[in-house]
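Morning, everyone. Please look at the screen.

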Amino acid sequence: NFYQFLSHRASSSYTAADINRYVSNYLGYTRKPSGTSAGNDESLLYQEGNAFIRYQNQYGVNALMMLSLAINESSFGRSDLALKTNNLFSHAAFDIDPDGNAARYKSVSASIHAHAKVYISNGYLDPCDQSTRTDDPKACRNASGNRYFGGFFGDKSGGMNVRYASDPYWGEKAAA
């Protein structure tokens, strides 16, 4: 799959309106959920195209790849966890206690912002993530705690999936 190995730094040419049309017209979600459950036409992704594009432009993180990850991790913006926490990406929802550990956000846009800035741009795409910086950027790669193994979804041998998810097929699913 092309997107499994595409760099998250590759900008998408789609617009916020394109993303919103995709969510509404193709996926069929025409409203935001009003509580902790979602009706057939409701998704937290509804009308969030501006946030995906804004943070792509601000942090250099591909908007469509963020959208696809949000779709994968939150069951199209409709999972119980996403609805309770506004967490489209399952940030900190570790396998041992996903509900208890998951990050909670005030809004869906705040979740997209944290994903673009903290998790992707300053985390998985940063060769010196969680490492002591030196004059030689190669010196800090893959240090203990470092999440950088390439700036793409990948698999268990390279890319984000080395440290992002326990599912060995997560990269393929996110890219699909």
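Is the crossing in which α1 passes α2 right-handed or left-handed? Right-handed: that is how α1 passes α2.

Before more detail, the ground rules. This is a predicted model, where local features need pLDDT of at least 70, side-chain atom pairs count only at pLDDT 80 or more, and totals for chains, interfaces and linings use all residues. Residues are numbered from 1 along each chain as its sequence is written, and side-chain values use heavy atoms, with hydrogens and water left out.

Helices here are DSSP runs of H or I with at least four residues, numbered from the N terminus; strands would be E runs of at least two.

Back to the packing. Two packed helices are described by the angle between their axes and the distance between the axes. For α1 and α2, the angle is about 140° and the axes are 7 Å apart. Axes are lines fitted to C-alpha atoms, for helices over the stretch in contact, and angles run from 0 to 180 degrees between N-to-C directions.

Who touches whom? From α1, A16, I19 and N20 meet G49, N50, F52 and I53 of α2. Contact means heavy atoms within 4.5 Å. By class, this contact has four nonpolar, three polar and no charged residues. Nonpolar covers Ala, Val, Leu, Ile, Met, Phe, Trp, Tyr, Cys and Pro; charged covers Asp, Glu, Lys and Arg; the others, Gly among them, are polar.

Now the second pair. Helix α2 spans residues 49-59 and helix α6 spans residues 108-124. Their axes come within 9 Å and cross at roughly 25°. That makes α2 roughly parallel to α6. The cut-offs: under 35 degrees is roughly parallel, over 145 roughly antiparallel, 65 to 115 roughly perpendicular, and the rest oblique. The crossing of α2 and α6 is right-handed.

On the α2 side, the contact residues are A51, F52, R54, Y55 and Y59. They meet S109, I112, H113, A116, K117 and S121 in α6. The class count is six nonpolar, three polar and two charged residues.

Next, the core. Which residues have the most contacts inside the largest nonpolar core? F52 and L88, in a core of 38 residues. A nonpolar core is a set of buried Ala, Val, Leu, Ile, Met, Phe, Trp, Tyr and Cys residues joined through side-chain atoms within 4.5 Å. Buried means under 20% relative accessible area; exposed is over 50%, and partly exposed is in between, with a 1.4 Å probe and protein chains only.

α1, α2, α3, α4, α6 and α7 are the elements giving two or more residues to this core. The largest share, seven residues, comes from α3. Take L88: beyond four places in sequence, its contacts include L44, F52, L69, V108 and I112.

Now the loop between α4 and α5. Both N86 and S90 sit there. N86 is not a glycine, yet has a positive phi of about 60°. S90 is not a glycine either, and has a positive phi of about 60°. For context, most residues other than glycine have a negative phi. N86 counts as buried, at 18% relative accessibility. S90 is buried too, at 18%.

Some other buried residues. Q4 lies in the segment before α1. Its relative accessible area is 7%, so Q4 is buried. Beyond four places in sequence, Q4 contacts F152, F153, G154, D155, G171, E172 and A175.

H8 is also in the segment before α1. At 1% relative accessibility, H8 counts as buried. Among its contacts beyond four places are G60, M65, I120, F152 and M160.

N161 is in the loop between α6 and α7, and is buried, with a relative accessible area of 0%. N161 and G150 are 11 residues apart in sequence, with C-alphas 9.6 Å apart. Beyond four places in sequence, N161 touches several residues, including F153, D155, P168 and W170.

Last one: S24, in helix α1. S24 is buried, at 16% relative accessibility. S24 and Q47 are 23 residues apart in sequence and 8.3 Å apart in space, C-alpha to C-alpha. Leaving aside neighbours within four places, S24 is in contact with Y29, T30, Y46 and Q47.

Notes: Left-handed = near helix turned anticlockwise from the far one by under 90°.
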